[in-house]
Amino acid sequence: MKLHASDTKKYQTVTGYDETGVEINAQRYNYSLIVLPESEPRAWPAPTFEALTAEHFDIIGADAPDVVILGTGARQRFIHPRLTAALTMRRIGVECMDSQAACRTYNILMGEGRKVTLALIIDTTAKADA
């Protein structure tokens with residue numbers, strides 16, 4: 001799916017997504033990544049939902065967002081609260097949703113000027129099995 005262009009060119013905006021990856025400002029990424037409005041997207045060493053650990057969320061916490069939008073893949077899945085306990089203690093919210101909804105929600109919050117982080121799991125093992 002392609003998303004509409006907006007006036008957010010100086011920000012990292014999701015411009016497209018599908019089951020194998022995401023486009024940020026029209027650049028394709030086929031691996032899990034962290035996206036913040038004012039920083040270049042960076043790889044996130046979270047290969048699958050099942051592989052998530054508290055350390056994966058510590059990486060996100062270093063950016064001190066107000067809210068984390070976690071894209072869990074093709075379907076919405078919920079993480080165990082112990083994985084995000086350190087974020088919760090710092091009053092950083094974590095919302096889990098399927099990756100397409102996460103991309104849309106990130107764009108909306110980013111467009112509102114919120115301090116949001118998009119953490120997307122792009123499961124490369126599923127592609128390797130296909």
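D18 is partly exposed, at 31% relative accessible area. (Buried means under 20% relative accessible area, exposed over 50%, and partly exposed in between, with a 1.4 Å probe and protein chains only.) The model is predicted, with local features needing pLDDT of at least 70 and side-chain atom pairs pLDDT 80 or more, while totals for chains, interfaces and linings use all residues. Residues are numbered from 1 along each chain as its sequence is written, and side-chain values use heavy atoms, leaving out hydrogens and water.

D18 is joined to R28 by a salt bridge, with 2.9 Å between the closest N and O atoms. (A salt bridge is a side-chain nitrogen of Lys or Arg within 4 Å of a carboxyl oxygen of Asp or Glu.) D18 belongs to strand β1 (residues 14-18) and R28 to strand β3 (residues 27-29), so the bridge ties together parts that are 10 residues apart in sequence. (Helices, H or I of at least four residues, and strands, E of at least two, are DSSP runs numbered from the N terminus.) R28 is partly exposed, at 32% relative accessibility.

In total, the structure holds 3 salt bridges. One of them joins the side chains of R42 and D63, at 2.5 Å from N to O. This pair links distant parts of the chain, 21 residues apart. R42 sits in strand β5 (residues 39-43), and D63 in the loop between α1 (54-61) and β6 (67-71). R42 is partly exposed, with a relative accessible area of 29%. D63 is partly exposed as well, at 22%.

E50 forms a salt bridge with R77, and its closest N and O atoms are 2.6 Å apart. E50 lies in the loop between β5 and α1, and R77 in the loop between β6 and α2 (85-89), so parts 27 residues apart in sequence are tied together. E50 is exposed, at 56% relative accessibility.

The backbone was examined next. Most residues other than glycine have a negative phi. A64 is not a glycine, yet its phi is positive, at about 50 degrees. A64 is placed in the loop between α1 and β6. Its relative accessible area of 29% makes A64 partly exposed. R91 is also not a glycine and has a positive phi, of about 65 degrees. R91 lies in the loop between α2 and β7 (93-97). R91 is exposed, with a relative accessible area of 77%.

The strands β1, β2 and β3 form an open sheet of 3 strands, in that order and with antiparallel pairing. (Two strands pair if DSSP finds at least two bridges between them.) β1 and β3 are the edge strands, each pairing on one side only. From one strand to the next, the twist averages 20 degrees. (Axes are lines fitted to C-alpha atoms, for helices over the stretch in contact, and angles run from 0 to 180 degrees between N-to-C directions.) β1 and β2 are joined by 4 bridges in the antiparallel sense. In this pairing, D18 stands opposite G21 of β2. Helix α3 packs on the sheet and touches β1 and β2. Its direction makes about 175 degrees with that of β1.

In soluble globular proteins, nonpolar side chains tend to be buried together. The largest nonpolar core here has 20 residues. (A nonpolar core is a set of buried Ala, Val, Leu, Ile, Met, Phe, Trp, Tyr and Cys residues joined through side-chain atoms within 4.5 Å.) V14, V22, I69, L118 and L120 touch the most other members. At least two residues of this core come from each of β1, β2 (21-24), β4 (33-36), β6, α3 (99-111) and β8 (116-120). α3 supplies the largest share, with 6 residues.

Apart from residues up to four places away in sequence, I69 touches E95, M97, A102, T105, L109, V116, T117, L118 and A119. (Contact means heavy atoms within 4.5 Å.) A second, separate core has 17 residues, among them I34, F57, I79 and I92.

Cysteines were also considered. C96 is buried, with a relative accessible area of 11%. C103 is buried too, at 1%. A search of the whole structure finds 0 disulfides. (A disulfide is a pair of cysteine sulfur atoms within 2.5 Å.)
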